[in-house]
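Please consult the sequence and the structure shown below while reading.

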Amino acid sequence: MTWLAETAMLSHGWRRFLLLVLAGAIAGLSVPPLFIVPALFVSFPVWVWCLDGAERQRGWRLLFGPAFAIGFAFGWGYFTVAFHWLGAAFFVDGGVMLVLMPFAILALAALIAFFWGLASALAHLFWSHGPWRIVTLATFLTMAEWARGHVLTGFPFDLLGYALTPTDEMMQITAVIGIYGLTLVAALLAMTPALIWPADNRSLSRRLLPFFIGLAVIAGQLGYGYNRLAGTVATERTDSALRLVQPLVYEHADFGNVDPVALIDRLLMLSDMRMDPADQGLADITHLVWPESSLPFFLATYPEALARIARLLPEGTTLLTGAPRQQYEPGATEASGPPFNAVLAIDTNGEVIASYDKSHLVPFGEFLPYGEFFARLGIKQFVPGAEGWSHGDARRRLMSLPATPSLLALICYEILFSGDLGDTAGAQFLFNITNDAWFDGSIGPAQHAHHARIRAVEEGMSLVRAANSGLTFATDPLGRITAQLPPMQMAALDVRPHERLASTVFSQVRHWPLLIALLAGLLISLAASRSGRSKRVG
């Protein structure tokens with residue numbers, strides 16, 4: 001490791017860039033569901049050592065010089081591995097855009113890596129050559145992760161903290177500090193080996209102390225998780241019984257090829273299927289759930305659909321389904337803009353009694369930032385299907401239906417936003433419908449599902465998740481899966497949500513402890529930097 005440390009510090013130019021891309025790619029192996037956590041401890045010290053040897057610059061190269069290139073290269077490797085599964089979407093629609101896949105993945109990874117490049121450049125401004133330098137880099141890296149989760153509506157997939165949530169026990173700490181807080185912890189722990197090598201005439205015990213402190217932190221995380229799981233009672237609700245349908249609908253890629261009659265036939269058959277001799281079908285179900293994109297057509301194009309749904313539903317049962325919803329101005333007969341990606345609540349009379357329109361859309365997938373610029377290039381959307389969606393109102397996520405507990409409706413991507421889910425105080429459980437069929441055969445669906453489980457832990461609410469092709473499951477308020485369907489299986493699953501916990505620390509204080517920790521990190525970095533400069537002057 002001394003050889004690696006010295007090589008990283010002395011490297012420069014394209015050799016350093018390639019070394020960092022490789023190190024970042026190794027770090028990317030830590031993301032869900034791979035969870036090769038030791039990869040963090042092998043790779044992140046390389047970033048630290050390269051900054052140790054980075055050239056000092058002036059002017060604009062303070063921000064966009066060697067230090068920026070170091071963080072950018074590391075992030076480019078990390079995000080290329082972490083987001084490689086997004087390329088599966090290019091196989092949809094016959095793979096006509098397959099040739100663009102590697103360029104799109106590399107371009108997206110480079111765009112996200114820009115945040116890590118800035119973090120590296122800013123950290124280098126406060127750089128010192130003592131142990132506090134890992135606090136400096138971890139602080140700015142966490143700030144960068146926060147920024148990429150919010151800028152341009154945010155893209156918070158694979159925040160670094162997820163690497164430390166491979167088990168139910170390790171997840172529980174997010175109920176206290178949230179996933180961004182765990183990101184700061186993960187960054188600090190991953191960089192501790194940089195304090196061991198090179199030796200620099202320090203005693204072995206002194207060099208190993210930070211590393212053993214890091215191991216103690218992980219042991220404490222596990223201990224807290226064991227105690228929380230053992231000491232918390234999760235109770236099923238008696239007022240709600242949901243049937244989650246996993247229909248394997250692939251017509252979402254091209255609305256023009258949908259056969260509404262055949263599709264409704266399949267959904268109705270799955271909804272009322274008997275899975276064992278004691279199964280009463282929908283007789284004891286309060287909510288029937290069809291996932292996102294299960295109705296890839298406007299209900300107005302097949303009016304009989306509502307009548308057929310009404311005939312299926314027993315008295316007191318409500319259908320919650322993903323469907324596109326057109327918007328009309330009062331008195332207008334034609335749609336006034338792009339449709340909404342919505343959750344519709346349909347009662348036994350075949351009437352839509354409530355709806356929620358997806359508000360947090362996927363940038364470049366469901367809407368184009370700077371759409372006018374791309375329109376001039378003839379680009380309306382980067383994926384097949386509808387040409388973009390309209391943003392809904394996030395304040396309407398809370399759905400209160402007759403004689404049922406309030407639920408927080410979150411469509412697909414919206415479940416990713418830690419601390420920004422909406423009116424969690426008024427909700428009894430999290431309700432997530434999704435369509436990850438774009439990414440079948442990749443790690444994407446499992447990654448998305450794991451991120452959703454962390455939201456349940458943070459909020460202390462059970463999660464009910466219906467997916468088009470998988471993963472369909474329910475969790476308790478501790479994020480433990482209580483029932484699930486295998487992916488790629490056309491089936492239905494009966495579940496009951498759990499009573500929400502009284503509260504979690506995170507649901508009460510949100511990100512304030514993290515902000516205080518980041519401020520402390522900045523102050524420590526400033527003090528260490530000034531101390532180092534004064535020693536050099538002296």
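Phe-44 and Trp-116 are both buried (under 20% relative accessible area, with exposed meaning over 50% and partly exposed in between; 1.4 Å probe, protein chains only). The model is predicted: local features need pLDDT of at least 70, side-chain atom pairs count only at pLDDT 80 or more, and totals for chains, interfaces and linings use all residues. Residues are numbered from 1 along each chain as its sequence is written, and side-chain values use heavy atoms, with hydrogens and water left out.

Across the whole structure, the search finds 26 aromatic pairs. Rings of Phe, Tyr and Trp (its six-membered ring) pair if their centres lie within 6.5 Å; planes under 30 degrees apart count as stacked, over 60 as edge-to-face and the rest as tilted. The ring centres of Phe-44 and Trp-116 are 6.4 Å apart and the planes stand at 50 degrees, so this pair is tilted. Phe-44 belongs to helix α3 (residues 38–52) and Trp-116 to helix α6 (residues 101–125), so the pair links distant parts of the chain, 72 residues apart. Helices (H or I, at least four residues) and strands (E, at least two) are DSSP runs, numbered from the N terminus.

## A nonpolar surface patch

Trp-60, Leu-63, Phe-64, Phe-114 and Leu-122 make a nonpolar surface patch of about 480 Å². Patches consist of residues with over 30% relative accessible area and no salt bridge; like charges are joined within 9 Å, and nonpolar side chains (Val, Leu, Ile, Met, Phe, Trp, Tyr) within 5 Å. Accessible areas come from the Shrake-Rupley method with a 1.4 Å probe, and for residues only the protein chains shown count as cover.

Helices α4 (61–64) and α6 each supply at least two residues of the patch. Leu-122 lies in α6 and counts as partly exposed, at 31% relative accessibility.

Strand β1 (residues 242–246) runs parallel to β2 and is joined to β2 by three bridges; two strands pair if DSSP finds at least two bridges between them. Leu-242 has His-287 as its bridge partner in β2. Strand β3 (residues 318–325) also pairs with β2 in the parallel sense, over four bridges, and Thr-318 is the partner of His-287 there. Together, β2, helix α12 (residues 304–312) and β3 form a right-handed β-α-β unit, where right-handed means that, with the strands pointing away from the viewer, the path from the first strand over the helix to the second runs clockwise.

## An open six-stranded sheet

An open sheet with mixed pairing has the strand order β6-β7-β8-β9-β10-β11. Its edge strands, β6 (398–399) and β11 (481–484), each pair on one side only. Strand β10 (residues 473–475) pairs with β11 in the antiparallel sense over three bridges, and Thr-475 stands opposite Ile-481.

## A salt-bridge network

Arg-237, Asp-239 and Glu-499 are linked in a network of salt bridges. A salt bridge is a side-chain nitrogen of Lys or Arg within 4 Å of a carboxyl oxygen of Asp or Glu, and the count comes to 16 by this rule. Asp-239 and Arg-237 meet at 3.0 Å, N to O, while Arg-237 and Glu-499 meet at 3.3 Å. The loop between α10 and β1 holds Arg-237 and the loop between β12 and α15 holds Glu-499, so this pair ties together parts that are 262 residues apart in sequence.

Arg-237 counts as buried at 8% relative accessibility, whereas Asp-239, at 33%, is partly exposed. Glu-499 is partly exposed, with a relative accessible area of 36%.

## Backbone exceptions

Most residues other than glycine have a negative phi, and most peptide bonds are trans. A cis peptide bond joins Trp-197 and Pro-198, with omega about -10 degrees; Pro-198 lies in the loop between α9 (174–191) and α10 (204–231). The bond from Gly-470 to Leu-471 is also cis, with omega near 10 degrees.

Positive phi values occur at Phe-35, near 55 degrees, and at Cys-412, near 50 degrees. Phe-35 is buried at 19% relative accessible area, and Cys-412 is buried at 12%.
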